[in-house]
Protein chains: 4
Amino acid sequence: MIKVGVFGATGYTGFEVITRLRRHKNAKLVFATSENSAGKSLSAVYPVGWDVPLISGADAPLNAVDAVFCCLPHAASMPTVIRARESGVRVIDLSADFRLEDAAEYTRWYGVEHTAPHLLAEAVYGIPEINRAEVARADLLANPGCYPTSVILAMYPLLRANWVAADAPIIADSKSGVSGAGRKLSLKTHFVEVNENLSPYSIGRQHRHLAEMEQAVRRWGTVTAPVIFSPHLVPVSQGMLSTIYVSLNRDTTPAEAQSLFEQTYAAEKLVRVLPPGELATFAHTRRTDGAAISVTVVSPRQLILCSSIDNLGKGAAGQAMQNFNVMFGLDETEGLL
Amino acid sequence: MIKVGVFGATGYTGFEVITRLRRHKNAKLVFATSENSAGKSLSAVYPVGWDVPLISGADAPLNAVDAVFCCLPHAASMPTVIRARESGVRVIDLSADFRLEDAAEYTRWYGVEHTAPHLLAEAVYGIPEINRAEVARADLLANPGCYPTSVILAMYPLLRANWVAADAPIIADSKSGVSGAGRKLSLKTHFVEVNENLSPYSIGRQHRHLAEMEQAVRRWGTVTAPVIFSPHLVPVSQGMLSTIYVSLNRDTTPAEAQSLFEQTYAAEKLVRVLPPGELATFAHTRRTDGAAISVTVVSPRQLILCSSIDNLGKGAAGQAMQNFNVMFGLDETEGLL
Amino acid sequence: MIKVGVFGATGYTGFEVITRLRRHKNAKLVFATSENSAGKSLSAVYPVGWDVPLISGADAPLNAVDAVFCCLPHAASMPTVIRARESGVRVIDLSADFRLEDAAEYTRWYGVEHTAPHLLAEAVYGIPEINRAEVARADLLANPGCYPTSVILAMYPLLRANWVAADAPIIADSKSGVSGAGRKLSLKTHFVEVNENLSPYSIGRQHRHLAEMEQAVRRWGTVTAPVIFSPHLVPVSQGMLSTIYVSLNRDTTPAEAQSLFEQTYAAEKLVRVLPPGELATFAHTRRTDGAAISVTVVSPRQLILCSSIDNLGKGAAGQAMQNFNVMFGLDETEGLL
Amino acid sequence: MIKVGVFGATGYTGFEVITRLRRHKNAKLVFATSENSAGKSLSAVYPVGWDVPLISGADAPLNAVDAVFCCLPHAASMPTVIRARESGVRVIDLSADFRLEDAAEYTRWYGVEHTAPHLLAEAVYGIPEINRAEVARADLLANPGCYPTSVILAMYPLLRANWVAADAPIIADSKSGVSGAGRKLSLKTHFVEVNENLSPYSIGRQHRHLAEMEQAVRRWGTVTAPVIFSPHLVPVSQGMLSTIYVSLNRDTTPAEAQSLFEQTYAAEKLVRVLPPGELATFAHTRRTDGAAISVTVVSPRQLILCSSIDNLGKGAAGQAMQNFNVMFGLDETEGLL
């Protein structure tokens, strides 16, 4: 039984990690932290009623666990990750703090100094379907952002096969449920402001997740063209769909493109390539840890990919648990939804 | 042309008052205040794009207006109302500050001292369908709360006819859209907490609006039995339905009860008594300033009334504008939705 | 491994039964039927992508299973239940067809003749927390309706203790998510008609579930007073809350009433009595198979109970699976959410 | 006072036309038709309670009106339009039947023969901000589809200025509320299927509205590149946003692009070009008849336009009423929301 702790257990991703730990046969939750609710039970925060005692992060017994999930906000995660690594604990970090390999780039996008640049080299940005072997060896796993996961999973077959045009931008028009914005208070998440509304934000080349996407596109492909990324907030609690417009450097056919995707993910349990004619929707992955991708050929050199994940599932806690399973040599889907 | 000012223009009720003023033929908006957005335009707060300059309440030119709508939170409203009355300006106050005739009762429910008890005697709690003549004479109009409006309008025909049993409680099970909770930030109005949820709160005899309801039931009827009032928050932006269970002191029939309601409101433009068999829903009054009431006879001495208003319409800004129209001798529905 | 079949697998309750069977360690799905989608896979109907072959009910191999879940509409269920019982298969029927012990009463409420009155005596109306021993022996289990489950679970501690006033009506004001109305097409479930709306329907003594409630109240208590039941449709996919107003035949205190409820359900895993001051909401049981009940003492003889279940969980498929587990001597929560 | 009739008054667009006619100072509703509800009042269909008698289209007194709004489904509209034109009545047709100038193209997209090709030459596809003079002369006005309106209004400044690259596709990723799918029953509009979901459909070059868009792009610009159009259904009743990715044939700057849009629409009351940095959302135009457009320069030759309309407002009934006002020389915004 692998002993784990969760930092930041009362945010949406922390809660979802605990949801999966409760189902997990090989992991045991040793502690869960919350600065705001230390001393209370998780059932005081989430009405579903799980009696998990919450402690302050400062009191977390790092010597009693094999691994920790860090579900803290960016910047707040760094000191905890440093502490955990100094204790020899393996870390799955769900924040953005170890996703970018370049500390200067991190500072540029997140507006704070990186206080653990020495750990960046060690950190593995992990999507098991792409770099499973690296994940297995990781001691510090940087769990990808939700938007990047949806875009990179869909792009990966094309990148690997080197089909993507070098010069035309990759356009990702993404739609996300509101839990992606977290539980902290903001007019942007007030019910009356979100309900019956749909809002683009940070479109073009302004959103922080763009840096992750481009880093991945460069790492796992040969594309030099920019990514254009336009997120939209939709009045749904959980869910994410990226509609991706890709220009190719070669002609293809619907059958060939479909086949490329199906072959790439043939062995994967969590990624479904939908049959021709069926488009991915939120419902394909809602409250699951899987991904669903549809491939539409508009013209011989123009594709539209629709990539669906649950932003809290494959987009956060689900992928974190999947990475944990890979890191510890367990059944990759254990505990997953 | 009657000149008016609006205090608290960027809350939901303030915005809705301005919505109606824009349509009003006989009223002209002279100023609108907002402490948070003074110096900006209303279009910076509400994207619908109305270019209304916002000033601080301290700068409001009270000598340039005939009337003001106070859309401030309770307690914050009192000093502004005092100022306005001292300037001789007629006031329609949408807060709770002048609804209860007894200052001690106000303090008991709202937890603050009443700083203008001398104005309580002057204040008129006004629902035109019930006390139109009083409203017409009012210089300080206390606009009723949303829940009380929905309950009192439905109970009034029974109260006036003295049909209500003296001993059995009147049970009002009310459902409200989220805008009733206002625009200030709270986990209770966070999209993810409200969406796909439905929550009772302050049920029984705990909600502040209970005091208004019982005051009205005593004033406009002879009932001494308690009111039991259970509000519920529903994932809808605007709307309110009270399902009211009433015991009678006499036997009735569906036809007779229906007739009592239809006769009571026969001359009213804003209150619809629905035909037998049609139950009031949110949709009956959504984004309007009307009320819809259905009467269901369960047994000779047991009725269920369903009373629908828009919480921002007849439950707030619509009734405020209706009261304004009555106060100034205008067409009662001018500017209304 | 117990072999089971599911009739009506593509309705919402059928799908939820299959959801739980997929998690179940001791049950194996042998067949699933759908008249509209026979020959297809369940993944063609529900995008979550489970590859369950669908067959026509006429082709169901009853001799290959130990039990069947009947998730067919009322009236349509009877012939299938008859067939299954004639094959010696144990039945959990989620329709209303075997819930009322009196065939004439069934006909009065459902407008069709009962074609298997001989099976009514055998049928067990089962809520394990109340009549577990009976459920264990059942060969034909009539799974309760969602509304009755929410009301009866909340009333049971008071009924058992004989606290309920004989003469005052029990008033249940219930709110349900839209999946309770099923998947068949109707303007009442059209998104635009439901969204931003809230609608009472069949209030008072008109809804079919009233018959079940009164049958249970008479069976498990000594109450002779009528039940008044007012269902409301709310714009939520899954969830149910009954706000129940009960008059007592004795004085009580908050502590005593709380204690009665806690003691009654002390040994139950699926029913939570919430701590004093916490009111049950949809969120307490959303997407789970549990129930949550809060007890509010308004005055010494007047209580308000808030009873929350997921209409598809404890209100349908969850309770069906729980009953199945009891019938087959399994861990009662196996497979449950 | 101009006398008008409405064909198809109980669909969403028909109802919205009547909403605006009720506010209109210079128009009088003479008849309203509904095949399903003839003989009833509109208040039997829409609970808001307007007492408009409904008649069968066959009984419509065409000789008593100056103009008719046809709010019938495509194909069903043609015979009514023919009748109206033969009676000399001016027609605003909200269906797709007269939007495409080429009858063969109509047949290709809509799968039915065009039965009034002689009227196609007469028909004016009208967006007042673009071809006001043509609209003024029209006897048969083909009111544009909602998606095309959102896309064409945003593209028009670029088309007129000849800034659009000839070879790169124009990509319109559009999001629509559910009322755009109409009131007829379909699993696609079932609350439980739509709620908490988001679905792309007919993406690429498959949706019928593509034909309108390309016709307009060719007519009002010199672009020969294809349009790629991806509509998505979102769980909102009313609203539409098109996020449009455009490649330019010249370099531009944010200030220059902003200025082009502001100048193009400087004189227009219904089209707002948002200030730099503010992105168009559903909320900018919700329940209004206006449009809001934001311009984002991603790189010197790459723009993102966000174009917001209410699909029932500027996307249907609002633009229809605007066209009517232009046709009859009235104030262009009379009756509009």
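A salt bridge, as the word is used on this tour, is a side-chain nitrogen of Lys or Arg within 4 Å of a carboxyl oxygen of Asp or Glu. The model is predicted, and local features need pLDDT of at least 70, side-chain atom pairs count only at pLDDT 80 or more, while totals for chains, interfaces and linings use all residues. Residues are numbered from 1 along each chain as its sequence is written, chains are lettered from A, and side-chain values use heavy atoms, with hydrogens and water left out.

Begin by selecting residues 2-121 of chain A, which are domain 1, and then residues 147-311, which are domain 2; such bounds come from an automatic or database domain assignment. The C-alpha centres of these two domains of chain A lie 27 Å apart.

Next, select the place where the domains meet, where 13 residues of domain 1 of chain A are in contact (heavy atoms within 4.5 Å) with 15 residues of domain 2 of chain A. About 1200 Å² is buried between the two domains, and carbon and sulfur atoms give 48% of that area; buried area is the accessible area (1.4 Å probe) that two parts lose on being put together, summed over both. On the domain 1 side, pick out A:Tyr12, A:Arg99 and A:Trp109, which lose the most area to domain 2 and together account for 48% of what that side buries.

Now show A:Arg20 and A:Asp289, which form a salt bridge whose closest N and O atoms are 2.7 Å apart. In total, 3 salt bridges are found across the interface of domain 1 and domain 2 of chain A.
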